[in-house]
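Keep the sequence and the 3D view open as you read.

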Amino acid sequence: MLQLKNCINISSDMNTWINFCVVFDVSDITKAEEIVQKAYNDWWELPDTQFEPIADWISRCLTENDIEHEIYFKNDEEEVN
């Protein structure tokens, strides 16, 4: 089965460990993009949000707005053969 989905990649030059993708159904992308952008900005600016990992914070903001999503983290480790 094939499903068309959209993805938002979230990363930071200041904190290189922040690098993950949030995947949404096609119909939710516009609203999801707005929520992710606001959550990302809030995480950097609001004092209490930095006690929660940014991926958890963004996921919670999406869930509170009834946006179904999946989060995938980038794996920088090289595969050993």
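A residue is called buried when its relative accessible area is under 20%, exposed when it is over 50%, and partly exposed in between (1.4 Å probe, protein chains only). V22 counts as buried because its relative accessibility is 0%. This is a predicted model, in which local features need pLDDT of at least 70 and side-chain atom pairs count only at pLDDT 80 or more, while totals for chains, interfaces and linings use all residues. Residues are numbered from 1 along each chain as its sequence is written, and side-chain values use heavy atoms, with hydrogens and water left out.

**The overall picture**

- The chain holds 2 helices and 3 strands; these are DSSP runs numbered from the N terminus, with helices being H or I over at least four residues and strands being E over at least two.
- Reading along the sequence gives the pattern β-β-α-α-β.
- The C-alpha trace spans about 45 × 30 × 15 Å along its principal axes.
- The chain has 81 residues, and 30% of them count as buried.
- Among contacts (heavy atoms within 4.5 Å) with a separation of 6 or more, 48% come from residues 24 or more positions apart.

- The 3 strands form an open sheet in the order 1-2-3, with antiparallel pairing; two strands pair if DSSP finds at least two bridges between them.
- Strand 1 (5-11) and strand 3 (70-73) are at the edges with a single partner strand each, so one side of each has no neighbour in the sheet.
- On average, neighbouring strands of this sheet are turned by 25 degrees against each other, direction ignored; axes here are lines fitted to C-alpha atoms, for helices over the stretch in contact, and angles run from 0 to 180 degrees between N-to-C directions.
- Strand 1 pairs with strand 2 (residues 19-25) in the antiparallel sense over 7 bridges.
- Within that pairing, N6 lies opposite F24 in strand 2, and I10 has F20 of strand 2 as its bridge partner.
- Strand 2 and strand 3 are also joined in the antiparallel sense, over 4 bridges.

**A closer look at V22**

- V22 belongs to strand 2 and stands opposite I71 in strand 3.
- Which residues does V22 contact, leaving aside its neighbours within four places in sequence? They are N6, C7, I8, I10, L62, H69, E70 and I71.
- Q37 is 15 residues from V22 along the chain, and their C-alpha atoms are separated by 12 Å.

**Helix 1**

- Helix 1 has 17 residues and reaches 24 Å from its first C-alpha to its last, close to the 24 Å expected at 1.5 Å a residue; the expected span is 1.5 Å times one less than the number of residues.
- The buried residues of helix 1 are A32, I35, V36, A39, D42 and W43.
- What do the buried residues of helix 1 pack against? Their partners are strand 1, strand 2 and helix 2.

- In helix 2, the buried residues are I54, A55, W57, I58, S59, C61 and L62.
- The buried residues of helix 2 pack against strand 1, strand 2, helix 1 and strand 3.
- E52 sits in the loop between helix 1 and helix 2, and touches W43, W57 and R60, not counting residues up to four places away in sequence.
- The side chains of E52 and R60 make a polar contact at 2.6 Å; such a contact is a pair of N or O atoms within 3.5 Å, where within protein one must be able to donate a hydrogen and the other to accept it, and residues adjacent in sequence count only if both atoms are side-chain atoms.
- D66 lies in the loop between helix 2 and strand 3.
- Is D66 buried or exposed? D66 counts as exposed, because its relative accessibility is 69%.
- Most residues other than glycine have a negative phi. The phi of D66, a residue other than glycine, is positive, near 60 degrees.
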